[in-house]
Amino acid sequence: MSSDLFTITDQPISVEEMTQKVIRPECGAVTTFMGTVRELTNGKRTISLEYHAYESMAVKMLEQIGQEIKEEWPDTLAVIAYRKGHLNISDIAVVICISSLHRKPAYEANQYAIERIKEIVPIWKKEQWADGTEWIGDQLETTAYPEGKPPKGGSL
Amino acid sequence: MIKILFFARLQEEMGTESIEVEKAGYTVRDVKEWLADNHQLSTISQTMVAINEDYANDDDMVNESDTIAFIPPVSGG
């Protein structure tokens, strides 16, 4: 699997470039998901944040998600880019583009990708809140891993 | 020697990104207990672990020259 399809970068992500990587003549649908930095979370105000990654493994896990998508939705082509480092409110943190022959796999695979990112990709955000700084734990609110590793496969 | 990597909150608690120790032949569980005992990492039991960039179980063995990473709950997306 080509490594430029699944990347971690410290530069702003170009949605247009990402989209162009997946558009193919046989496709009739492209879905693009952008994750952006949210200002208010449960009433707390974020000023900015930093994403830190275990970069080599994060790329490997993004490639694994790509492989899982290929197996579940064979007619799709996926690209994922994740931005690390300092981000401000509304900056784009992650972009997922999926192309497919018809729209349904493109939607489904895109949602699957972001759910899996939240489970297995070693990336952490450190929020600079108006009232201090804190590492954010697991957004899926399952902070303990009884088996020592995340569950296999996602569910849709 | 094995290399141990720390991330996010664990990295701040340790004050370093990595250490190298003579723990080849230990299981993941053994390494966790050693870290809890010697470095007071209270949340170590709740972290995921990867050996050479693949997620591992508590029973898995850490071999000579392996890199074992302690991965606090991730928060991407």
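**Figure 1. The open sheet of chain B contains five strands in the order E2-E1-E5-E3-E4, with mixed pairing.** The edge strands are E2 (18-21) and E4 of chain B, each of which pairs on one side only. Two strands are taken to pair if DSSP finds at least two bridges between them. Helices (H or I, at least four residues) and strands (E, at least two) are DSSP runs, numbered from the N terminus. The model is predicted: local features need pLDDT of at least 70, side-chain atom pairs count only at pLDDT 80 or more, and totals for chains, interfaces and linings use all residues. Residues are numbered from 1 along each chain as its sequence is written, chains are lettered from A and ligands numbered from 1 in the order in which they are written, and side-chain values use heavy atoms, with hydrogens and water left out.

**Figure 2. Strand E1 (residues 2-6) of chain B pairs with E5(B) in the parallel sense.** Four bridges make up this parallel pairing. Within it, Lys3(B) stands opposite Thr67(B) of E5(B). E1(B) and E2(B) run antiparallel and are joined by four bridges. In E2(B), Val21(B) is the bridge partner of Ile2(B). Buried means under 20% relative accessible area, exposed over 50%, and partly exposed in between (1.4 Å probe, protein chains only).

**Figure 3. The interface of chain B and chain A buries an area of about 2600 Å².** Carbon and sulfur atoms give 55% of this area. Buried area is the accessible area (1.4 Å probe) that two parts lose on being put together, summed over both. On the two sides, 25 residues of chain B are in contact with 34 residues of chain A, contact meaning heavy atoms within 4.5 Å. Ten residue pairs, both members at pLDDT 80 or more, are in polar contact between the chains. A polar contact is a pair of N or O atoms within 3.5 Å; within protein, one must be able to donate a hydrogen and the other to accept it, and residues adjacent in sequence count only if both atoms are side-chain atoms. The elements of chain B that give two or more residues to the side touching chain A are helix H1 (8-14), strand E3 (48-51), strand E4 (54-55) and strand E5 (67-71). The residues on that side of chain B divide into 13 nonpolar, eight polar and four charged. For this division, Ala, Val, Leu, Ile, Met, Phe, Trp, Tyr, Cys and Pro count as nonpolar, Asp, Glu, Lys and Arg as charged, and the others, Gly among them, as polar.

**Figure 4. Two salt bridges are found across the interface of chain B and chain A.** A salt bridge is a side-chain nitrogen of Lys or Arg within 4 Å of a carboxyl oxygen of Asp or Glu. One of them joins Asp54(B) to Lys60(A), with the closest N and O atoms 3.4 Å apart. Asp54(B) is partly exposed, at a relative accessible area of 40%, and Lys60(A) also counts as partly exposed, at 28% relative accessibility. In Lys126(A) and Glu12(B), which likewise form a salt bridge, the closest N and O atoms are 2.5 Å apart. Lys126(A) lies in strand E8 (residues 123-129) of chain A and Glu12(B) in helix H1 of chain B, so this pair joins two chains. Lys126(A) is partly exposed at 22% relative accessibility, and Glu12(B) is partly exposed at 46%.

**Figure 5. A salt bridge within chain B connects Asp59(B) and Arg29(B).** Their N to O distance is 2.8 Å. Asp59(B) lies in the loop between E4 and E5 of chain B and Arg29(B) in helix H2 (residues 28-39) of chain B, so the pair ties together parts that are 30 residues apart in sequence. At 55% relative accessibility Asp59(B) counts as exposed, whereas Arg29(B), with a relative accessible area of 35%, is partly exposed.

**Figure 6. In chain A, salt bridges that share partners join Glu68(A), Arg116(A) and Glu119(A) into one network.** Over all chains, the whole structure holds ten salt bridges. Chain A has three helices and nine strands, which follow the pattern β-α-β-β-β-α-β-β-β-α-β-β along the sequence. Of the 156 residues in chain A, 45% are buried.
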